[in-house]
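My notes follow in the order I checked them.

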Amino acid sequence: MMAPGAKLTGETPDCAAFPSKSTAPAMPEKQLMRSAKWTRRIALSKPGGSSDAATVQAVCEATCDELKKAWLSGPFSEAELSTILGARFVVSRRFGISLGDKVRPVDDLSSSLVNSSFSAV
């Protein structure tokens, strides 16, 4: 579970660092949460994100580092998350992308539909 930080759904306010271009999210947050039961089933039914053991290990190590920094908490079972968060919560798969000699962990917010419910103003 991610620690509180930047909002990943809804509209984010203009930060003035970039030209403003308002677009509505493709999906309202309520629809994201209604869809969460099904996107969660899909995410939990898929096998691991990589067949490369070194990539899997690097993502695991990066995740453990994030746990130590309190950026994340867990791991939790689906039942534990239901108890903590209620019936509606989003699960996003994590995988690694090799960038030269490093592996960058990526949370797949597209397949969980989180990206569809975000808009920058």
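How many residues does helix 2 have, and how far does helix 2 reach from its first C-alpha to its last? I keep in mind that this is a predicted model. I find 16 residues, 53–68, and a reach of 23 Å. At 1.5 Å a residue I would expect 22 Å, so the value is close to that.

**Entry: the faces of helix 2**

Next I looked up burial along helix 2. Thr55, Val59, Ala62 and Glu66 are buried. They sit on the same side of helix 2, because they cover an arc of only 65° around the axis. What do these buried residues pack against? I find strand 2 and strand 3 as their partners. Then I turned to the face away from the buried side. Ala53, Ala54 and Lys68 are there, and they are exposed. I also checked what comes just after helix 2. Ala70 takes a positive phi of about 65° there.

**Entry: salt bridges**

I counted salt bridges and got four. I took some of them one by one.

I began with Glu78 and Arg40. Their side chains meet in a salt bridge, at 2.9 Å from N to O. Glu78 belongs to helix 3, residues 78–85, and Arg40 to helix 1, residues 29–45. The two are 38 residues apart, so I note a link between distant parts of the chain.

Is Arg40 buried or exposed? Arg40 has a relative accessible area of 4%, so I list Arg40 as buried, the limit being under 20%. Glu78 comes out at 27%, which makes Glu78 partly exposed.

Which other residue forms a salt bridge with Glu78? I find Arg41, with the closest N and O atoms 3.0 Å apart. Arg41 lies in helix 1 and Glu78 in helix 3, so this pair ties together parts 37 residues apart in sequence. Arg41 has 41% relative accessibility and counts as partly exposed. I therefore write down Arg40, Arg41 and Glu78 as one network of salt bridges.

**Entry: the strand pair**

I then looked up Arg94 and Asp107. Their side chains meet in a salt bridge of 2.7 Å, N to O. Arg94 is in strand 2, residues 94–99, and Asp107 is in strand 3, residues 102–107. The pair therefore ties together parts that are 13 residues apart in sequence. Arg94 is partly exposed at 23% relative accessibility. Asp107 is partly exposed too, with a relative accessible area of 31%.

Methods: Residues are numbered from 1 along each chain as its sequence is written. This is a predicted model: local features need pLDDT of at least 70, side-chain atom pairs count only at pLDDT 80 or more; totals for chains, interfaces and linings use all residues. Side-chain values use heavy atoms; hydrogens and water are left out. Helices (H or I, at least four residues) and strands (E, at least two) are DSSP runs, numbered from the N terminus. Buried means under 20% relative accessible area, exposed over 50%, partly exposed in between (1.4 Å probe, protein chains only). The arc is that of the directions from the helix axis to the C-beta atoms. Contact means heavy atoms within 4.5 Å.
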